[in-house]
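Let's take a walk through a protein model together. Keep the picture in view as you read, and find each part as it comes up.

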Amino acid sequence: MNGQTLDLAALERDLAARITAANDEAALEALRVEALGKQGSISALMKSLGTMSPEERKEAGPKLNGLKDRVTEAIVTKKATLAEAALDAQLKAEAVDVTLPPIRPRIGTIHPVSRVMEELALIFGEMGFSVEEGPDIENEWYNFSALNTPEKHPARDLQDTFYLSGRDDGGRKLLRTQTSPVQIRTMQKQKPPIRMICMGRTFRRDSDATHTPMFHQIEGLVIDKTSTMADLKGVLTAFLKAYFETDAIELRFRPHFFPFTEPSAEMDVRCDRSGGQTKIGEGEDWLELGGCGMVHPNVLRNCNIDPNEYQGYAWGFGIDRMAMLKYGMPDLRPFFDSDTRWLKHYGFSPYLLPGLAQGVGQ
Ligand code: DAH
């Protein structure tokens, strides 16, 4: 019996140590089966009670029962500890700190040209202009003839225009050199009064620091019975005030020639270049923004609009230039390089949309 007592003590120490060391519920269950399962070590000892003499059983019985109870208890306690630790780990792993700011998925930035287009649409939209679109591939009729551009006009020259190989009823196909053909498309599908802008890509054979073969223009057109150059000046002054976020806007018109307007003008805005950067609204300099004028009667006729009944004004200027001026970008070429460092620096957060209430530049 002495031997068995020693064995029991050793068995209990061994089991206790392994129960303490078990670090997951599966290991603990294996230990339980090993000690208390049908074939387990303690179960075998319990069975041996039946083969003992009554005296031996009297002495061994309580010891074995005690051992069984303590081991069972140790396993149950350890099981609870492990379950609690597992829950703690899970809660920790799944914890959400609701006080943290939202994670910004890295989805890039809005290109300054797209951003400026949003601002332009917003400002002119507020003034009651619709936003129209036209195709990048036009034909000679839409890009030139309908706009009263004579057959021999230098703008039609191969040097300026990218001609494509195909033809259609309107003559040779080409990449539009201006957004003005969208005036024609709008007048064809819409009866006056018309108040529209169009923004989009334009193409010319030209490339240096201030010219790229593809660039962006905004076109504006108003057709009704009474609009004049004075209205044009008023609308553009209001637009520039909203766009540059300053009331100190002064516009100057210089006589010019465009085939599709009569009279035609180039418009300049007062600016200051003394500090190396161009500041709109103050100073002694003038910056050319684009062209404008009263829509030529031939253009109206080409769209089946009677020039004795209707009149109106139009303008066009470069969007890239507008972006450079407002956001202080010195060179046009990086606009179209797709350099992510440039885009990160000059791009806009997709989460911050322009709004008139806070100023379109915010
Ligand atoms: N289409 C002209 C250009 O690309 C710009 C322009 C001038 C547009 C006068 C107009 C306008 O609508 O009236 O140079």
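Which of the 15 residues around the ligand come nearest? They are Q178, Q183, R204, Q217 and E219. Before going further, please keep in mind that this is a predicted model.

Let's stay with the ligand for a while. Three parts of the fold each give at least two residues to the shell around the ligand: β6 (214-224), β10 (285-295) and β11 (311-318). What sort of residues make up this shell? Sorted by class, the shell has five nonpolar, eight polar and two charged residues.

Now look at individual atoms. Q217, one of the residues that come nearest, places a polar side-chain atom 2.9 Å from an oxygen atom of the ligand. S180 has a polar side-chain atom 3.0 Å from a nitrogen atom of the ligand. With W315, it is a backbone N or O atom that lies 3.3 Å from an oxygen atom of the ligand. How much of the ligand does the protein cover? On its own the ligand has 350 Å² of accessible area, and the protein covers 91% of that.

Next, let's turn to a pair of helices. For helix α5 (residues 112-126) and helix α10 (residues 319-327), the axes come within 9 Å and cross at roughly 95 degrees.

P192 and P193 are joined by a cis peptide bond, with omega about 5 degrees. You can find P193 in the loop between α7 (181-189) and β5 (194-203). Another cis peptide bond joins E262 and P263, where omega is about -5 degrees. P263 sits in strand β8 (residues 261-272).

One last stop is N148, in the loop between α6 (140-143) and β3 (163-168). Phi of N148 is near 65 degrees, a positive value in a residue other than glycine.

How values were computed
Residues are numbered from 1 along each chain as its sequence is written. This is a predicted model: local features need pLDDT of at least 70, side-chain atom pairs count only at pLDDT 80 or more; totals for chains, interfaces and linings use all residues. Side-chain values use heavy atoms; hydrogens and water are left out. A residue is near a molecule or strand if one of its heavy atoms lies within 4 Å of it. A polar contact is a pair of N or O atoms within 3.5 Å; within protein, one must be able to donate a hydrogen and the other to accept it, and residues adjacent in sequence count only if both atoms are side-chain atoms. Accessible areas come from the Shrake-Rupley method with a 1.4 Å probe; for residues, only the protein chains shown count as cover. Helices (H or I, at least four residues) and strands (E, at least two) are DSSP runs, numbered from the N terminus. Ala, Val, Leu, Ile, Met, Phe, Trp, Tyr, Cys and Pro count as nonpolar, Asp, Glu, Lys and Arg as charged, and the others, Gly among them, as polar. Axes are lines fitted to C-alpha atoms, for helices over the stretch in contact, and angles run from 0 to 180 degrees between N-to-C directions.
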